[in-house]
Amino acid sequence: MESIRREDLSPTFAYVYDRIYEDGIEQKAREIAVRLIKEGFLEDEWIADVTGLSVEQVQEIRKNG
């Protein structure tokens with residue numbers, strides 16, 4: 001099966017592809033942050049650095065579970 005290359009997509013489909021990819025990456029980063037918090041990692045700055053999330057996003061995750 002041939003994979004789809006982003007360069008071959010129309011601008012509209014490329015935008016949709018980018019959003020899906022970015023949303024997937026951010027969701028995975030949030031899942032990792034939740035696991036790190038549950039494992040007892042206390043420094044929000046460290047979790048933000050490791051996951052690529054902002055400190056504010058990590059604090060929100062910590063607050064809301």
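Residues are classed as buried under 20% relative accessible area, exposed over 50%, and partly exposed in between (1.4 Å probe, protein chains only). Helices are DSSP runs of H or I with at least four residues, numbered from the N terminus. The model is predicted, so local features need pLDDT of at least 70 and side-chain atom pairs count only at pLDDT 80 or more, while totals for chains, interfaces and linings use all residues. Residues are numbered from 1 along each chain as its sequence is written, and side-chain values use heavy atoms, with hydrogens and water left out.

Helix α2 spans residues 44–51. Its buried residues are Asp44, Ile47, Ala48 and Thr51. These residues lie on the same side of α2 because they cover an arc of only 100° around the axis. The arc is taken over the directions from the helix axis to the C-beta atoms. The face turned away from this buried side carries Glu45 and Asp49, which are exposed. Cover for the buried residues of α2 includes α1 (11–38) and α3 (55–64), where contact means heavy atoms within 4.5 Å. Gly52 follows α2. The phi of Gly52 is positive, near 85°.

Salt bridges were also examined. A salt bridge is a side-chain nitrogen of Lys or Arg within 4 Å of a carboxyl oxygen of Asp or Glu. By this rule, the count comes to seven.

Two of the pairs share Arg19. The side chain of Arg19 meets that of Glu22 in a salt bridge at 2.9 Å, N to O. Arg19 and Glu22 are three residues apart in helix α1, so about one helical turn separates them. Arg19 also forms a salt bridge with Asp23, and here the closest N and O atoms are 3.2 Å apart. Asp23 and Arg19 both lie in α1, four residues apart, which is about one turn of the helix. Arg19 is partly exposed at 35% relative accessibility. Glu22 is partly exposed at 41%. Asp23 is likewise partly exposed, with a relative accessible area of 42%.

A further salt bridge joins the side chains of Asp8 and Arg5, at 3.0 Å from N to O. Asp8 is exposed, with a relative accessible area of 53%. Arg5 counts as partly exposed, at 47% relative accessibility. Arg5 and Asp8 also belong to a network of salt bridges that links them with Glu7.

Methods:
Helix = DSSP H or I, 4+ residues; strand = E, 2+ residues; numbered from the N terminus.
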